[in-house]
Amino acid sequence: MAFYNRHGGFGDQDDDDRPQQSAAGTFKIPDKDFYRKNFSTFGTVCTYLQQRIFNQSKRHKDLRFLQPHFSSLSSIVTPYGNPLNAAEGICSHFLRRGFTKPNKILFNCATWSADSRWLVLGTQTGDLALWEGEALKVYKVIPIPAHKEFFDDGSGRIKESIPITAMTLKRFGNDLVTGDQRGLIQYCDETFKYILVIKDAHAGAVRGLDFSPLDSKLASCSDDGKIHLWPVGRDQPERVLSGHQNDVKCLHWHPHRSLLATGSRDCTLKLWDPRQAACVSSVLGHKKQVNCCEWNNNGLWLASGSMDGSVKIYDLRVMREMEVWRGHNSEVCSLAWHPVHESLLLSGGYNGSLVYWLANSSQAPHSVIADAHRQSVDLIRWHPSGHLVASASHDCIVKFWSREPPGSALSAGQEAPLENPALFGFGPLPASDPTIIPSRSNMPPPAATGAGADASGGGRHQGEGGWQGGRGGGGGRGGDRTGNQRKRGRD
């Protein structure tokens, strides 16, 4: 069957066709991926530049607000066009999903390219998968020889593929650094050709890689319980940081200062001074293994997620817990701060859920996508512009999420109830669970009694229920439901 292909001509595209059997015979149906439309921020950027002419300041009254109607789509601006409202950065609208063909490959790590055009993912087979940032589909899979083990007979046959477990990109460059399960670290250029290969960099699997704020040092952590500091382009570590009693699972460098945060299997979160090779502080805030940690762009907050199901925010200025969030039904596998709105955090759970949190707002989640994935969310990567987020699961599927369009079914309360809310263990905890109810200082005021309360409950506050029940109106949308569906509460 011939049809118009993506290159502008007619031709047979067997890879994009799906055979279909019928009484009349066998025919081919074009794959849906074949007609995908590009997802670009060009229109939102142009709208923001046009509106900025009339906005004399960044005050709240000078900003333009969208109406809940599809006609307001042309007025949507980029997230940095409205920095005062962090809720506008929430990406709960499902765009597309994809996986590698013909065989599904598990993704362990990812990063966006320097020009934000490509999403680079490290796979379980030791390859790099390139995802197009606008078409949101896999472009090609690039094999990396350094993460392969060949036979000694000179035939070039692959004996074993080493999984890529960590990667990072230079803050002010195009060099990509990858680490695999046997402790090897490799430098690549923008064409993915190797520059430097460091064999036996660690005695265990490399779990984290990150550059210093000026790209002069590279930090790596491993299952051997050590953190190595490397001069960029050298094959010998400058310093070795030891102090964890077990595997080091995550690492992140402070965005502005010489400060390193690491999380370990020994339930501790440590802060290091790379210049002195000394531990500055040890935080014993979690009861189980710390799976992920990340600094906020403001350099003041440090977020950590653990196997105990909690997400904690630490304030560097006072060196104590600022927030303790318990909205996950299972362990927290990944988390990421929004690149524009500093108070917005996204976390992924072992049960496949995505939870949005707002710092300094409430102890309850702001929005929950309970059925985002069918298995654990292994990684979350925000687009540098903040309008798009990618999440990869243990089921070898990558999903892309964007902001909800004005007047969408989710905001209008038109979701259909599900028959089996407990399917796969998805869904938020019930409102009566004490682990997610806000503290007394954050509880909403009690509803008034009488006819006036009934009128207000059925009017303005109808459908504005949060995780602790509808406010003023007996439940509202998402008040006390535990369905296997996406829910958005209100702090």
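1. Ground rules. Residues are numbered from 1 along each chain as its sequence is written, and side-chain values use heavy atoms, leaving out hydrogens and water. In this predicted model, local features need pLDDT of at least 70 and side-chain atom pairs count only at pLDDT 80 or more, while totals for chains, interfaces and linings use all residues.

2. The largest nonpolar core. It has 16 residues, and among those touching the most other members are Leu 346, Leu 354, Trp 382 and Trp 401. (A nonpolar core is a set of buried Ala, Val, Leu, Ile, Met, Phe, Trp, Tyr and Cys residues joined through side-chain atoms within 4.5 Å; buried means under 20% relative accessible area, exposed over 50%, partly exposed in between, using a 1.4 Å probe and protein chains only.) Strands S29 (344-349), S30 (354-358) and S32 (377-382) each give two or more residues to this core. (Strands are DSSP runs of E, at least two residues, numbered from the N terminus.)

3. A second core. This one is separate, has 15 residues, and includes Trp 325 and Val 355.

4. Have a look at His 228. It sits in strand S18 (residues 226-231) and is buried, with a relative accessible area of 9%. The His 228 side chain reaches the backbone oxygen of Ala 201 at 3.2 Å. Leaving out residues up to four places away in sequence, His 228 also touches others, including His 202, Leu 218 and Arg 239 (touching means heavy atoms within 4.5 Å).

5. Cysteines. Cys 188 is buried at 1% relative accessibility, and Cys 396 is buried at 14%. The structure holds 0 disulfides (pairs of cysteine sulfur atoms within 2.5 Å).

Conventions:
Helices (H or I, at least four residues) and strands (E, at least two) are DSSP runs, numbered from the N terminus. A polar contact is a pair of N or O atoms within 3.5 Å; within protein, one must be able to donate a hydrogen and the other to accept it, and residues adjacent in sequence count only if both atoms are side-chain atoms.
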